[in-house]
Amino acid sequence: MSLLAVRDLKKNFGALKALNNVSFDLEEGEIVGIIGPNGAGKTTLFNVIVGIYRPDGGDVVFKGKSVRNLPPHRICRTGITKTSQVVHPFLTLTVKENVLIALMFGRNLTKKASESKAEEIMEFLNIADVKDMRSTQVSLAKRRRLELARALGTGADLILMDENLAGLNPRELEEGMEIIRELKKRGKTLIIVEHIMQAIMGVCERLIVLSYGEKIGEGLPVEVCSDDRVIQAYLGEKICSV
Ligand SMILES: Nc1ncnc2c1ncn2[C@@H]1O[C@H](COP(=O)(O)OP(=O)(O)O)[C@@H](O)[C@H]1O
Ligand SMILES: [Mg+2]
């Protein structure tokens, strides 16, 4: 049984078909990348999976059960969460308080029980040095890590990462890729939306390509990147060959 099965998912915004019959499966422990041009429906797909948007058709089955009619907080409790393309920390709280909230409300832990877990997560993501700073005061790279820390705080098994590596310098990007590899070693399953092909090719085991709300490609990264339809819709030029 797949960890996640997305079946014929549809989402319309008025006349716009943001998702048009999108289907795919995800196995436990996989790192799958989703690529496609701006406006392809990548963020919408994540928003439907985590319950922010209700689908207009199709189903999202997680661990064998449909989550399509559950509200976001219940979907989070089943073990799915996402990091946002536009970071959304609680602005007046410190980095550590933001992580604590994810632990206390995502996992229902007491504040005391959450303390050591928050420290552990912040150490792992290399943001412990800014833990007492307000989330608005830290660098973009650390705010992106905080987004991931909050996701990990919920204890989710499946993390959807929406352009979490965008805007980073080469060293920060390499660190971000290393964290993704380490998350896999720790048993997490990841879907990554990203435009940086170096990162996609460096960490993803499989790619799914969206264009105008439709899945136009799926397979091994090298196969997908040499597919003419994918090159035409997104890549613009051949970046690898099989
Ligand atoms: N809340 C919304 N209301 C209306 N249109 C939306 C909304 N969210 C996204 N869209 C539209 O849906 C399409 C897909 O958007 P999005 O999922 O953000 O694409 P991507 O993340 O691949 O760039 C775009 O045409 C976008 O303008
Ligand atoms: Mg997007």
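1. Gln-85 has a relative accessibility of 32% in this predicted model. Because this value falls between the 20% and 50% limits, Gln-85 counts as partly exposed. Its OE1 atom is one of the protein donors of the magnesium ion (ligand 2).

2. The other protein donor is OG1 of Thr-43, and the two donors lie 2.1 to 2.4 Å from the magnesium ion. The pair joins distant parts of the chain: Thr-43 belongs to helix α1, whereas Gln-85 sits in the loop between β6 (80-83) and α3 (95-106), 42 residues apart. Thr-43 is likewise partly exposed, with a relative accessible area of 25%.

3. Which residues make polar approaches to ligand 1 at 2.7 Å? A polar backbone atom of Gly-39 lies at that distance from an oxygen atom of the ligand, and a polar side-chain atom of Lys-42 is also 2.7 Å from a ligand oxygen. Thr-43 places a polar side-chain atom 2.9 Å from an oxygen atom of ligand 1. The protein buries 62% of the 560 Å² that ligand 1 exposes when taken alone.

4. The surroundings of ligand 1 include Phe-13, Pro-37, Asn-38 and Tyr-53. By class, the shell has six nonpolar, five polar and one charged residues. Both β2 (16-26) and α1 (42-49) supply at least two residues each, and α1 gives the most, with three residues.

5. Strand β6 is covered on both faces: Ile-80 and Lys-82 are buried on one side, and Thr-81 and Thr-83 are buried on the other. Strand β6 pairs in the parallel sense with β7 (residues 158-162) over four bridges. Within β7, Ile-159 is the bridge partner of Thr-81.

6. Two residues deserve a check of their backbone angles. Glu-163, in the loop between β7 and α6 (170-185), has a phi near 50 degrees, a positive value in a residue other than glycine. Is Glu-163 buried or exposed? Its relative accessible area is 11%, so Glu-163 is classed as buried, the limit being under 20%.

7. Tyr-212 also has a positive phi, of about 45 degrees, although it is not a glycine. Tyr-212 is located in the loop between β9 (206-211) and β10 (214-219). With a relative accessible area of 71%, Tyr-212 is exposed, because that class begins over 50%.

Key:
Residues numbered from 1 in each chain as written. Chains lettered and ligands numbered in written order. Predicted model: local features only at pLDDT ≥ 70, side-chain atom pairs only at ≥ 80, totals over all residues. Heavy atoms only, no water. Near = heavy atom within 4 Å. Polar contact = N/O pair within 3.5 Å; in protein donor to acceptor, adjacent residues only side chain to side chain. Areas by Shrake-Rupley, 256 points an atom, 1.4 Å probe, with all protein chains shown as cover. Nonpolar A, V, L, I, M, F, W, Y, C, P; charged D, E, K, R; others polar. Donors = N, O, S within 2.8 Å, 3.2 Å for Na, K, Ca; no water. Buried < 20%, exposed > 50% of the residue type's maximum accessible area, 1.4 Å probe, protein only. Pairing = 2+ DSSP bridges.
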